[in-house]
Amino acid sequence: QVQLVESGGGLVQPGGSLTLSCKLSGGSFSFYAMAWYRQTPGKERELIAHIISDGSTNYANSVKDRFTISRDSGENTLYLQLDSLRPEDTAVYYCNTISDRWTWGQGTQVTVSS
């Protein structure tokens, strides 16, 4: 059974940084474009970054030049480096394929506040 487990969230001050991790078990994402999403209460889940098998990346305008997505296919782990965090980045962050192929994990909460 495929399982996604996100971690690394927390409370950080504006301008701070965090590194999120997403570990996949029961499968392999080597052949899939992987993505990070985020969701705030009352809003739909938003795709903010994705990476394809050749390492190419793409970002939503809201996080471009501040967030960096990367992957370690050998470890089945996806990462998201969050820099220059803003209060509006506060959300629950999730990972999945770009077509949300797998069951969603529990996500990891990121709170940006002074």
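**Exercise 1.** Decide whether Ser-62 is buried, partly exposed or exposed, and say where it is found.

*Solution.* Ser-62 has a relative accessibility of 30% and therefore counts as partly exposed, given that buried means under 20% relative accessible area, exposed over 50%, and partly exposed in between, with a 1.4 Å probe and protein chains only. Its place is the loop between strand E6 (57-59) and strand E7 (67-72), where strands are DSSP runs of at least two residues, labelled E and numbered from the N terminus. The model is a predicted one, in which local features need pLDDT of at least 70 and side-chain atom pairs count only at pLDDT 80 or more, while totals for chains, interfaces and linings use all residues. Residues are numbered from 1 along each chain as its sequence is written, and side-chain values use heavy atoms, with hydrogens and water left out.

**Exercise 2.** Find which residues Ser-62 is in contact with, leaving aside neighbours within four places in sequence, and follow the contacts onward from Arg-38.

*Solution.* Contact means heavy atoms within 4.5 Å, and Ser-62 has such contacts with Arg-38, Glu-46 and Arg-86. Of these, Arg-38 lies in strand E4 (residues 34-39) and is buried, because its relative accessible area is 8%. Not counting residues up to four places away in sequence, Arg-38 touches several others, including Glu-44, Asp-89 and Tyr-93. With Tyr-93 there is also a polar contact between the two side chains, at 3.0 Å; a polar contact is a pair of N or O atoms within 3.5 Å, where, within protein, one must be able to donate a hydrogen and the other to accept it, and residues adjacent in sequence count only if both atoms are side-chain atoms.

**Exercise 3.** Classify the ring pair of Tyr-37 and Trp-104, and then describe what surrounds Trp-104.

*Solution.* Rings of Phe, Tyr and Trp (its six-membered ring) pair if their centres lie within 6.5 Å, and planes under 30 degrees apart count as stacked, over 60 as edge-to-face and the rest as tilted. The whole structure holds 3 aromatic pairs. In the one formed by Tyr-37 and Trp-104, the centres are 4.9 Å apart and the planes stand at 85°, so the pair is edge-to-face. Tyr-37 belongs to strand E4 and Trp-104 to the loop between E9 and E10, 67 residues apart. Tyr-94 and Trp-104 also form an edge-to-face pair, with 5.9 Å centre to centre and 80° between the planes. Finally, the charged end of Arg-45 sits over the ring of Trp-104, 3.8 Å from its centre, where sitting over a ring requires NZ of Lys or CZ of Arg within 6 Å of the ring centre and within 35 degrees of the ring normal.

Key: Helix = DSSP H or I, 4+ residues; strand = E, 2+ residues; numbered from the N terminus.
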